[in-house]
Amino acid sequence: MNIEVRCAEPSDARAIAELHAASWRNTYRGVFSETYLDGDVQEERQRHWLQCLMLDPRQDQGVLVAMVEGELAGFICIYLDAEPGWGPLLDNLHVRSDCRGRGIGQCLIQAGIAWMRARGSFDRWYLWVVEANAPARRIYEHLGWAPGERTIHVAADGTEFAVLRYTQRLAEFCCKVEDRSVLPSPKPQSGSFSGKGPDAGPGLAAPGA
Ligand SMILES: CC(C)(COP(=O)(O)OP(=O)(O)OC[C@H]1O[C@@H](n2cnc3c(N)ncnc32)[C@H](O)[C@@H]1OP(=O)(O)O)[C@@H](O)C(=O)NCCC(=O)NCCS
């Protein structure tokens with residue numbers, strides 16, 4: 001499987017919003033309200049991504065997309081300056097449900113790290129994960145992320161749920177990846193990576209969100 005990772009363009013906003021809404025629908029049942037998930041989520045994500053990629057992009061924002069056979073298979077969104085003292089924020093990481101478990105999340109994380117490294121020196125980054133999202137927490141912990149503080153988040157639909165802050169030391173992850181010769185060149189805008197599909201040879205070791 002060939003995975004191409006590149007910076008998102010304004011024209012990607014609609015596809016990202018669709019993938020994001022679908023991923024929320026199948027990940028956050030029982031977290032967000034049914035009314036929201038089955039109703040407004042698609043439109044709300046559409047407005048969000050139009051804002052992020054077209055109308056008012058933040059200067060510190062990095063959105064990278066993973067393309068497989070010309071179709072959007074996943075995306076990652078990073079903010080460099082979200083919260084002083086914590087390093088960059090991994091704000092979103094979603095892979096299309098039919099593409100999960102094939103290394104795409106890993107490729108996006110690696111490309112995200114390369115994107116950050118081209119913009120500064122960061123010794124760690126962080127993310128917030130829904131406490132009830134056990135599959136994602138297992139993956140992050142497998143990849144070397146460590147859980148920390150717990151807080152209550154209020155979603156766009158008004159529902160409240162617990163989230164956990166996870167952090168990861170970037171130096172450790174970079175060494176681990178470099179050992180396996182899979183770190184992409186630190187090109188700021190795009191890169192092409194070989195995924196961990198059936199024809200991609202041995203699996204990558206991991207380092208998230
Ligand atoms: C979380 C997510 C982005 C991961 O993407 P992915 O493409 O499925 O992940 P990968 O195939 O790259 O796997 C990443 C690593 O996690 C490991 N992993 C996968 N499932 C696992 C599990 N249940 N327990 C532990 N590790 C697991 C993989 O083996 C791999 O590690 P390895 O390279 O050492 O083998 C994806 O599953 C997803 O979109 N989930 C729904 C949305 C979500 O919860 N996003 C996170 C919000 S904070």
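Predicted model: local features only at pLDDT ≥ 70, side-chain atom pairs only at ≥ 80, totals over all residues.

Student: How many helices and strands does the protein have, and what pattern do they follow along the sequence?

Tutor: There are six helices and eight strands. Along the sequence the pattern is β-α-α-α-β-β-β-α-β-α-β-β-α-β.

Student: What pLDDT does the protein average?

Tutor: The average is 85, and 82% of the residues score at least 70. Over residues 175-209, pLDDT stays under 50, and the model has 85 contacts beyond four places in sequence for that stretch.

Student: How do I check the span of a helix?

Tutor: Take 1.5 Å times one less than its number of residues. H1 has 15 residues and should span 21 Å; its end C-alpha atoms are 21 Å apart, which agrees. Helix H3, residues 41-55, also has 15 residues. From its first C-alpha to its last, H3 reaches 19 Å, close to the expected 21 Å.

Student: Which residues of H3 are buried?

Tutor: A residue is buried if 20 or more other C-beta atoms lie within 10 Å of its own, and exposed if 12 or fewer do. In H3, the buried residues are Val41, Arg45, Trp49, Cys52 and Leu53. Seen down the axis of H3, these buried residues fall within an arc of 80°, so they line one face of the helix.

Student: Why do residues three or four places apart point the same way in an α-helix?

Tutor: An α-helix has 3.6 residues a turn, so residues with that spacing point the same way.

Student: What do the two sides of H3 meet or carry?

Tutor: The buried residues of H3 pack against helix H1 (13-27), helix H2 (34-38) and strand S2 (61-68). The face turned away from the buried side carries the exposed residues Glu43, Met54 and Leu55.

Student: Which residues of H1 are buried, and what covers them?

Tutor: The buried residues in H1 are Ala13, Ile16, Ala17, Leu19, His20, Ala21, Ser23 and Trp24. Their cover includes H2, H3, S2, S3 and S4. Ile16 touches Ala8, Trp49, Val65, Leu72 and Phe75, not counting residues up to four places away in sequence.

Student: How do I read strand pairing?

Tutor: Look for bridges between two strands. S2 and strand S3 (residues 71-79) pair in the antiparallel sense over eight bridges, and Leu64 has Ile76 in S3 as its bridge partner. S2 and S3 form a hairpin with two residues between them. Glu69, in the turn, has a positive phi of about 50°. S3 also runs antiparallel to strand S4 (residues 89-95), joined by six bridges; the bridge partner of Gly74 in S4 is Val95.

Student: Which residues touch the most other members of the largest nonpolar core?

Tutor: That core has 48 residues, and those touching the most other members are Ile16, Leu64, Ala66, Phe75, Ile76, Ile104 and Leu108. Helix H4, residues 104-117, gives the most to this core, with nine residues. Over the whole protein, 36% of the 209 residues count as buried.

Technical notes
Residues numbered from 1 in each chain as written. Helix = DSSP H or I, 4+ residues; strand = E, 2+ residues; numbered from the N terminus. Arc of directions from axis to C-beta. Contact = placed C-beta atoms within 7 Å. Pairing = 2+ DSSP bridges. Core = buried A, V, L, I, M, F, W, Y, C linked by C-beta atoms within 7 Å. pLDDT = per-residue confidence, 0-100.
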